[in-house]
Amino acid sequence: MAQHYFDSDPGTASRPSTADLVLPDLHLRLRTDRGVFSPDRVDLGTRVLLESVPAPPAEGRLLDLGCGYGPISLTMASRAPGARVLGVDVNSRAVGLARRNADDHGLDNASFGVVSPEGELAGEQGEGRTPAPEDLLGPFDAIWSNPPIRVGKDVLHSMLRTWLNRLTPEGVAHLVVQRHLGSDSLQKWLDAQGLPAERVASRSGFRVLAVRRAA
């Protein structure tokens, strides 16, 4: 069976590489590998998100949901050095890469955890930059995510309910979703869950949604 980037322990043979994240305010060379999301280059959706979102809160707790090898987390950490950034992913190989990338760039305000679909620490965490279990509970002042749409609606919806409800009352989540993969239907579903969603950017077939907890 083919391995997917949302497998917890990808069996795909390792082939380390790098990918450059180039933004107007930031240039990071990131370690990547097979068995993680978009190993050959930082994907377009992630770049659309990072070029569209407002500045993150300067302090507080920030979350990258589905962090992969860390382009979103490390951008948050670079733009908000006074904040604590947490990146989470089910993929242990991706989390290991994200930790190494944070070390490479001296971003000491970022930590990363391997989590279960239920939003709890899971499996082998490795050493260094590992959050405490209570860190996952938030509350989070901002969430940025390129969510794993291809896991299927049931898993995706459960994941979003879990994490979006860990926002602070004033917190905002920004999600990037490809239009052809259901951005409009996801927006309607979020609204129906009491998580008001607004489209705040649209480019190259991607939508960026700003999501809040209902007042």
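**Close-up views of the predicted model**

**Figure 1. Asn101 is a residue of helix α3, which spans residues 92-104.** The model shown here and in the following figures is predicted. Asn101 has a relative accessibility of 0% and therefore counts as buried, the cut-off for burial being under 20% relative accessible area. When neighbours within four places in sequence are set aside, the residues in contact with Asn101 are Arg29, Leu30, Arg31, Tyr69 and Leu74.

**Figure 2. Helix α2 (residues 71-79) is largely enclosed by the rest of the structure.** This description holds because 7 of the 9 residues of helix α2 are buried. The buried residues of α2 are Pro71, Ile72, Ser73, Leu74, Thr75, Met76 and Ala77. Arg79, by contrast, counts as partly exposed, at 24% relative accessibility.

**Figure 3. The largest nonpolar core contains 37 residues.** In soluble globular proteins, nonpolar side chains tend to be buried together. Within this core, the residues that touch the most other members are Leu21, Leu49, Leu62, Tyr69, Leu74, Phe112 and Trp144. At least two core residues are supplied by each of β1 (17-23), β2 (26-32), α1 (44-52), α2, α3, β5 (110-114), β6 and β9 (206-211). Helix α3 provides the largest share, 5 residues. Another core, of 25 residues, lies apart from this one and includes Leu65, Val88, Leu167 and Leu195.

**Figure 4. Phe140 and Trp163 form a tilted aromatic pair.** The structure holds 1 aromatic pair. Its ring centres are 6.4 Å apart, and the angle between the planes is 45°. Phe140 belongs to strand β6 (residues 140-145) and Trp163 to helix α4 (residues 153-164), so the pair ties together parts that are 23 residues apart in sequence. Both Phe140 and Trp163 are buried. Arg166 lies over the face of Trp163, at 4.6 Å from the ring centre.

**Figure 5. Val177 is a residue of strand β7, which spans residues 167-178.** Its relative accessibility is 1%, so Val177 counts as buried. Leaving aside neighbours within four places in sequence, Val177 is in contact with Pro147, Ile149, Gly182, Ser183, Leu186, Gly205, Phe206 and Arg207. Between the C-alpha atoms of Val177 and Gly113 the distance is 23 Å, and these two residues are 64 residues apart in sequence.

**Figure 6. Arg79 and Asp25 form a salt bridge.** The closest N and O atoms of this pair are 2.9 Å apart. Because Arg79 lies in helix α2 and Asp25 in the loop between β1 and β2, the pair ties together parts that are 54 residues apart in sequence. Asp25 is partly exposed, with a relative accessible area of 47%.

**Figure 7. A salt bridge joins the side chains of Arg31 and Asp104.** Side chains of opposite charge can pair when their charged atoms come close. Here the N to O distance is 2.7 Å. Arg31 lies in strand β2 and Asp104 in helix α3, so the pair ties together parts that are 73 residues apart in sequence. Arg31 is partly exposed, with a relative accessible area of 29%, and Asp104 also counts as partly exposed, at 41% relative accessibility.

**Figure 8. The side chains of Asp184 and Arg199 meet in a salt bridge.** The distance from N to O is 3.2 Å. With Asp184 in helix α5 (residues 183-192) and Arg199 in strand β8 (residues 197-203), the pair ties together parts that are 15 residues apart in sequence. The relative accessible area is 33% for Asp184, which is partly exposed; Arg199 is partly exposed as well, at 39%. The structure holds 8 salt bridges.

Note on methods
Residues numbered from 1 in each chain as written. Predicted model: local features only at pLDDT ≥ 70, side-chain atom pairs only at ≥ 80, totals over all residues. Heavy atoms only, no water. Phe/Tyr/Trp six-rings, centres within 6.5 Å; stacked < 30°, edge-to-face > 60°. Helix = DSSP H or I, 4+ residues; strand = E, 2+ residues; numbered from the N terminus. Buried < 20%, exposed > 50% of the residue type's maximum accessible area, 1.4 Å probe, protein only. Lys NZ or Arg CZ within 6 Å of the ring centre and 35° of its normal. Contact = heavy atoms within 4.5 Å. Core = buried A, V, L, I, M, F, W, Y, C linked by side-chain atoms within 4.5 Å. Salt bridge = Lys/Arg side-chain N within 4 Å of Asp/Glu carboxyl O.
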